[in-house]
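My entries follow in the order in which I looked things up.

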Amino acid sequence: MIRVRKIVRHLEETWLENGQDVQPHHRVAFVGVVIENPYPSEYVQDLVTLADELGEEIGSLIGPACVELLGDEVEAFGKAALVGIDGELEHGSALIHNLRFGNMFRNAAGGTELLPAAEKVGLTGSPIDIPLKHKLDSKTRSHHQTVTLQVADVPRPREIFVIVAAANAGRPLARLATFGAEVKAGA
């Protein structure tokens with residue numbers, strides 16, 4: 001069972017980009033959970049067993065909530081883990097690179113693609129960049145984007161901040177063709 005310190009919900013809307021109206025408004029929802037790092041400070045060989053036990057619980061806590069917060073059709077999605085400095089990068093990776101976690105968000109978002117991910121170890125208040133890609137076709141270049149989330153008091157040294165993010169569209173004012181269109185055009 002996970003030990004939750006806090007849930008973070010954040011919604012951004014972009015109405016203007018480079019002086020141009022963005023229609024529809026570009027929305028990005030972030031939902032994250034700050035949990036006690038389930039792994040002790042010393043080296044643990046088997047991270048998969050515990051990650052399998054926790055993945056669905058974490059995913060069900062934040063995946064559907066992110067879709068609900070977006071309040072719109074999800075077009076792009078991603079995930080991230082920010083591990084406090086008493087932990088290892090592998091601790092965050094074990095939690096987010098787990099189908100029991102990912103499927104909870106993917107199903108809630110109506111996606112079929114693998115979730116792009118980022119993970120790192122950081123000090124309290126460190127930002128985390130979360131890559132997003134189209135939920136049905138990862139080659140759709142207009143939806144390749146990176147969004148940043150920063151929360152002043154997370155993660156503490158013995159915590160992990162697990163985040164999912166969803167967007168209602170590709171990048172604001174995207175003008176790049178999809179991969180398939182470029183191949184057909186001989187690009």
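The entries below go from the ground rules to the cores, a helix, a lysine, a surface patch, an aromatic pair and the salt bridges.

**Ground rules**

I am working from a predicted model, in which local features need pLDDT of at least 70 and side-chain atom pairs count only at pLDDT 80 or more, while totals for chains, interfaces and linings use all residues. I number residues from 1 along each chain as its sequence is written, and the side-chain values use heavy atoms, with hydrogens and water left out.

**Cores**

I first looked up the nonpolar cores, each a set of buried Ala, Val, Leu, Ile, Met, Phe, Trp, Tyr and Cys residues joined through side-chain atoms within 4.5 Å. For burial I use relative accessible area, with buried under 20%, exposed over 50% and partly exposed in between (1.4 Å probe, protein chains only). The largest core has 30 residues, and Ile58, Ile62, Leu95, Phe105 and Val162 touch the most other members. Two or more residues each come from β2 (20-36), α1 (48-70), β3 (76-83), α2 (89-96), α3 (99-109) and β7 (159-167). I take these elements from DSSP runs numbered from the N terminus, helices being H or I of at least four residues and strands E of at least two. The largest share, 8 residues, belongs to α1.

Beyond its neighbours within four places in sequence, Ile58 is in contact with Ile2, Val33, Ile35, Leu95, Phe101 and Val162. I also noted a second, separate core of 19 residues, whose members include Phe30, Ala80, Leu149 and Val154. As background, nonpolar side chains in soluble globular proteins tend to be buried together.

**Helix α2**

Because 6 of its 8 residues are buried, α2 is largely enclosed by the rest of the structure. The buried residues are His91, Gly92, Ser93, Ala94, Leu95 and Ile96. When I asked what covers them, I found that the cover includes β2, α1, β3, α3, β4 (117-121) and β7.

**Lys79**

Is Lys79 buried or exposed? This residue of strand β3 counts as buried, at 7% relative accessibility. Leaving out residues up to four places away in sequence, I listed what Lys79 touches, including Ile96, His97, Phe101, Leu115, Pro116, Ile163 and Val164.

**Surface patch**

On the surface I found a nonpolar patch formed by Ile85, Leu89, Val121 and Leu123, with about 340 Å² of accessible area together. A patch of this kind joins nonpolar side chains (Val, Leu, Ile, Met, Phe, Trp, Tyr) within 5 Å, from residues with over 30% relative accessible area and no salt bridge. Leu123 sits in the loop between β4 and β5 (128-134) and is exposed, with a relative accessible area of 55%.

**Aromatic pair**

Rings of Phe, Tyr and Trp (its six-membered ring) pair if their centres lie within 6.5 Å, with planes under 30 degrees apart counted as stacked, over 60 as edge-to-face and the rest as tilted. I get 1 aromatic pair by this rule. The ring centres of Phe77 and Phe105 are 5.7 Å apart and their planes stand at 45 degrees, so the pair is tilted. Since Phe77 lies in strand β3 and Phe105 in helix α3, the pair ties together parts that are 28 residues apart in sequence. Both Phe77 and Phe105 are buried.

**Salt bridges**

I counted 6 salt bridges, taking each as a side-chain nitrogen of Lys or Arg within 4 Å of a carboxyl oxygen of Asp or Glu.

Arg3 and Glu36 meet at 3.4 Å, N to O, and link the segment before β1 (4-17) with strand β2, 33 residues apart. Arg3 is exposed, with a relative accessible area of 57%, whereas Glu36 is partly exposed at 43%.

Asp153 and Lys6 form a salt bridge with their closest N and O atoms 3.0 Å apart. Asp153 lies in the loop between β6 (145-149) and β7 and Lys6 in strand β1, so the pair ties together parts that are 147 residues apart in sequence. I also note that Arg5, Lys6, Asp153 and Glu159 are linked in a network of salt bridges.

For Arg27 and Glu13, the closest N and O atoms of the salt bridge are 2.2 Å apart. Arg27 is buried, with a relative accessible area of 16%, while Glu13 is partly exposed at 38%.

Technical notes:
Contact means heavy atoms within 4.5 Å. Patches are made of residues with over 30% relative accessible area and no salt bridge: like charges are joined within 9 Å, nonpolar side chains (Val, Leu, Ile, Met, Phe, Trp, Tyr) within 5 Å. Accessible areas come from the Shrake-Rupley method with a 1.4 Å probe; for residues, only the protein chains shown count as cover.
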